Amino acid sequence: MRAARVWLVGAGPGDPGLLTLKAAQVLARAEVVVHDHLVTPEILAMLPPCAELIYAGKQRGRHTLTQAKINALLVRLARGGRRVVRLKGGDPFIFGRGGEEALALARAGIRFEVVPGITAASGVAAYAGIPLTHRGVAQACVLVTGSQRGGIAELDWTALARPDQTIVVYMGLAGLERISRELIAHGLSPRTPSAIIQQGTTAGQRVVAGTLAALPRLAAEVRVRAPTLIVIGKVVRLRSALDWFSPNSR
Ligand code: SAH
């Protein structure tokens with residue numbers, strides 16, 4: 001029997017063109033694929049027809065399998081001798097819990113490989129025409145999660161509220177009101193340009209841009225739907241000149 005092995009693969013933010021060459025090669029040889037809800041149907045359609053597909057969740061408030069069960073499933077599948085691919089949206093090691101899965105595999109003595117993917121921050125911001133850093137505008141970029149253990153994340157608001165830094169918030173929609181309020185309370189200008197990007201890089205991409213103070217109201221008005229990425233910082237202003245992607249012409 002073949003040695004057990006699992007590939008932890010990042011699928012990128014949605015557009016199948018943003019898969020890495022390596023991810024495509026690994027997917028083409030997959031025998032069983034455990035995927036989450038962020039992996040788009042177009043990418044799943046690239047899998048070999050004979051590959052077994054297992055859906056592992058998770059959407060906010062609708063966890064199909066717990067993380068512990070996913071970890072155990074990967075170990076069990078790998079021991080079955082098939083080529084196991086754990087396919088995740090974006091990059092497996094950026095808010096993807098890929099580290100926990102890799103630890104579980106390592107502890108079980110199962111070999112694994114990690115195929116990095118384009119994370120939502122870089123892919124989605126690029127398709128929204130927002131450079132995350134820009135000379136003279138943003139010298140730093142920080143990626144944070146807006147949600148922690150099912151609730152709204154407790155973040156270091158003072159460190160985040162720095163004027164020359166771009167903040168990218170993953171899983172931030174539910175906490176947007178609080179995020180906006182705290183950043184302003186900790187000194188960030190209420191007029192800081194901000195954007196919320198829905199289903200970035202896909203045909204469903206929608207971008208709502210406005211000031212930090214107005215963003216929660218704007219998001220509610222247009223009924224933004226997950227997955228959404230929030231970008232806060234002066235770089236968002238560049239979008240008016242750099243907005244190149246039209247979702248419908250893909
Ligand atoms: N590992 C993933 C992130 C998983 S957390 C990565 O590296 O991108 C899930 C969050 O990612 C979502 O709640 C959303 O904030 C963000 N996200 C992922 N894909 C996205 C997309 N196409 N458009 C907007 N946000 C996205």
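In the predicted model, the shell around the ligand draws on both domains, with at least three residues coming from each of domain 1 (5–115) and domain 2 (120–245). In total, 19 residues surround the ligand, and P13, D91, I94, T119 and T228 are the closest of them. By residue class, the shell divides into 11 nonpolar residues, seven polar residues and one charged residue.

Backbone atoms of the protein approach the ligand at several positions. A nitrogen atom of the ligand lies 3.0 Å from a backbone N or O atom of G89. An oxygen atom of the ligand is found 2.8 Å from a polar backbone atom of A120. For T228, which is also listed among the closest residues, the separation between a backbone N or O atom and an oxygen atom of the ligand is 2.6 Å. The ligand taken alone exposes 550 Å², of which the protein buries 91%. Two elements, helix α5 (120–127) and strand β12 (228–232), each give two or more residues to the shell around the ligand.

Strand β12 also belongs to an open sheet of five strands, arranged in the order β6-β9-β12-β10-β11 with mixed pairing. The edges of this sheet are formed by β6 (140–145) and β11 (206–211), each of which pairs on one side only. From one strand to the next, the twist averages 15°. Within the sheet, β10 (residues 193–198) runs antiparallel to β11, and the two strands are joined by six bridges. In this pairing, A195 stands opposite A209 of β11.

A further open sheet likewise consists of five strands, here in the order β3-β2-β4-β1-β5, and its pairing is parallel. Its edge strands are β3 (52–55) and β5 (111–115), both of which pair on one side only. Neighbouring strands of this sheet are turned against each other by 20° on average, direction ignored. Strand β2 (residues 32–35) pairs with β3 in the parallel sense over four bridges, and H35 stands opposite Y55 in β3. In general, the strands of a sheet pair through backbone hydrogen bonds, in either a parallel or an antiparallel manner.

Most residues other than glycine have a negative phi, and most peptide bonds are trans. The peptide bond from A226 to P227, by contrast, is cis, with omega near -5°.

Conventions. Residues numbered from 1 in each chain as written. Predicted model: local features only at pLDDT ≥ 70, side-chain atom pairs only at ≥ 80, totals over all residues. Heavy atoms only, no water. Near = heavy atom within 4 Å. Polar contact = N/O pair within 3.5 Å; in protein donor to acceptor, adjacent residues only side chain to side chain. Areas by Shrake-Rupley, 256 points an atom, 1.4 Å probe, with all protein chains shown as cover. Nonpolar A, V, L, I, M, F, W, Y, C, P; charged D, E, K, R; others polar. Domains from an automatic or database assignment. Pairing = 2+ DSSP bridges. Axes fitted to C-alpha atoms, helices over the stretch in contact; angles between N-to-C directions.
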